[in-house]
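Kindly read each point beside the displayed model.

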Amino acid sequence: IRTPGGKLVAQTITKTTKGPKCSDCKCSLPGIKHLKKTAYTNLKKRERTVSRAYGGSACGGCVRQRIVRAFLLEEQKAVKKLLAE
């Protein structure tokens, strides 16, 4: 790379990683930087995770699916209990 002073200087290029993946669907997690494992220690917490339940491990769609599934199971139990009476 040429500096403003006109010198040619070598610059190391770091490889980009594939980044963190969702634990359920294995898609890439949006909002989290694609860095090496050791580089995450230097980042701020807001750059490492997403402020949501399962923030750094599951994508939003999978979390929504889990919540809806749990809600429907509870509703099903309530209906079953109501019909049993």
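1. The protein exposes about 7,500 Å², and carbon and sulfur atoms supply 60% of that area. Accessible areas come from the Shrake-Rupley method with a 1.4 Å probe, and for residues only the protein chains shown count as cover. This is a predicted model, in which local features need pLDDT of at least 70 and side-chain atom pairs count only at pLDDT 80 or more, while totals for chains, interfaces and linings use all residues. Residues are numbered from 1 along each chain as its sequence is written, and side-chain values use heavy atoms, with hydrogens and water left out.

2. The secondary structure comprises 2 helices and 0 strands (DSSP runs: helices are H or I of at least four residues, strands E of at least two, numbered from the N terminus). The radius of gyration of the protein is 23 Å, well over the 12 Å that the globule rule gives for 85 residues, so the protein is more spread out than a compact globule. That radius is taken over C-alpha atoms, and the rule is 2.2 Å times the number of residues to the power 0.38. The C-alpha trace spans about 85 × 20 × 20 Å along its principal axes.

3. Of the 85 residues, 13% are buried (buried means under 20% relative accessible area, exposed over 50%, partly exposed in between, with a 1.4 Å probe and protein chains only). The largest nonpolar core has 9 residues: Cys-22, Leu-29, Ile-32, Tyr-40, Leu-43, Ala-58, Cys-59, Cys-62 and Val-63. Such a core is a set of buried Ala, Val, Leu, Ile, Met, Phe, Trp, Tyr and Cys residues joined through side-chain atoms within 4.5 Å. In soluble globular proteins, nonpolar side chains tend to be buried together.

4. Ala-58, a member of this core, is in contact (heavy atoms within 4.5 Å) with Cys-22, Ser-23, Leu-29, Arg-52 and Val-63, leaving aside neighbours within four places in sequence.

5. Which helix holds Glu-47? Glu-47 is in helix α1, residues 45-48, and is buried, with a relative accessible area of 19%. Not counting residues up to four places away in sequence, Glu-47 touches Gly-31, Ile-32 and Lys-33.

6. Most residues other than glycine have a negative phi. Lys-26, in the segment before α1, has a positive phi near 65° and is exposed at 54% relative accessibility. Tyr-54, in the loop between α1 and α2 (60-84), has a positive phi of about 60° and is partly exposed at 46%.
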